[in-house]
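Below is a short briefing on one protein model. It begins with confidence, then turns to the fold and to selected residues.

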Amino acid sequence: MVLPVAPLAAYLFLLCWSAIPFAPAEPVLLAGGAVAGAGGLLLPVAIGAAALGSLVSDLVKYALGRSAGPALLRRLSRYPAGARAVRWIESRMLASGAWVIAPSYFVPFGVVTATLLSGALRLPWRSVVLASAVGALVWATVFLGLGFVGTAVTGNPWFGLAIAAPAALVIGLLAKRRVARDCTCAPEAHESPCPLAA
């Protein structure tokens, strides 16, 4: 597939877009994976660019959490999904520390909440970097991989994207159900009931 821009520009776009702290990057990753499936990009390089950008975003949110965490979390809690994420992640962070960041990539508002809370609670930055790096790599691999596989199956990046988008929604719903089931199976492990189980 011939890109309208140089591959380097596409990799930089993936990196920069993933680094924007509050921007939804999943659609861009699905599209990038579809382009990679058509031969326009190298999938490992695209994954690395997106993961690096997301790590930068996490560290920015961690720094924001250290300086203005409570105010930002109150603002996030105005939204129903944000309030659920705050309650769910806060209860787990007390037990798991920064490692809650990795799975929070697949919970609505999760990684925003987890990184802001990490900063507000003054968790060690090294553990935040490690957990964020793992979460970012898995997240980038899943969403770019979906676009890549969709194109590989259909032979067309547009059809591949059309398949990958609903697949991404299914993965998000399954992750949400898994989190909710995990909470209901072991309610005694947390200080409050899982808001996603409601």
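**Confidence and overall fold**

The model is predicted, so local features need pLDDT of at least 70 and side-chain atom pairs count only at pLDDT 80 or more, while totals for chains, interfaces and linings use all residues. Residues are numbered from 1 along each chain as its sequence is written, and side-chain values use heavy atoms, with hydrogens and water left out.

**Confidence**

- The protein chain averages a pLDDT of 81, and 83% of the residues score at least 70.
- Among the elements of the protein chain, α1 has the highest mean pLDDT (94) and helix α8 (residues 157-185) the lowest (64).

**Chain as a whole**

- The protein chain has 8 helices and 0 strands; helices (H or I, at least four residues) and strands (E, at least two) are DSSP runs, numbered from the N terminus.
- Of the 198 residues in the protein chain, 45% are buried, where buried means under 20% relative accessible area, exposed over 50%, and partly exposed in between (1.4 Å probe, protein chains only).
- Contacts between residues at least 6 apart in sequence join residues at least 24 apart in 76% of cases.

**Helix α1**

- Helix α1 (residues 7-19) has 13 residues and should span 18 Å at 1.5 Å a residue, which agrees with the 18 Å between its end C-alpha atoms; the expected span is 1.5 Å times one less than the number of residues.
- A10, Y11, L14, S18 and A19 are the buried residues of α1, and they pack against α2 (26-37), α3 (43-76) and α7 (125-154).
- L8 also lies in helix α1, but L8 is exposed, with a relative accessible area of 57%.
- The C-alpha atoms of L8 and V45 are 9.9 Å apart in space, and the two residues are 37 apart in sequence.

**T115 in helix α6**

- T115 belongs to helix α6 (residues 110-120) and counts as buried because its relative accessibility is 0%.
- Apart from neighbours within four places in sequence, T115 is in contact with D58, K61, Y62, I101 and S132.

Key:
Contact = heavy atoms within 4.5 Å. pLDDT = per-residue confidence, 0-100.
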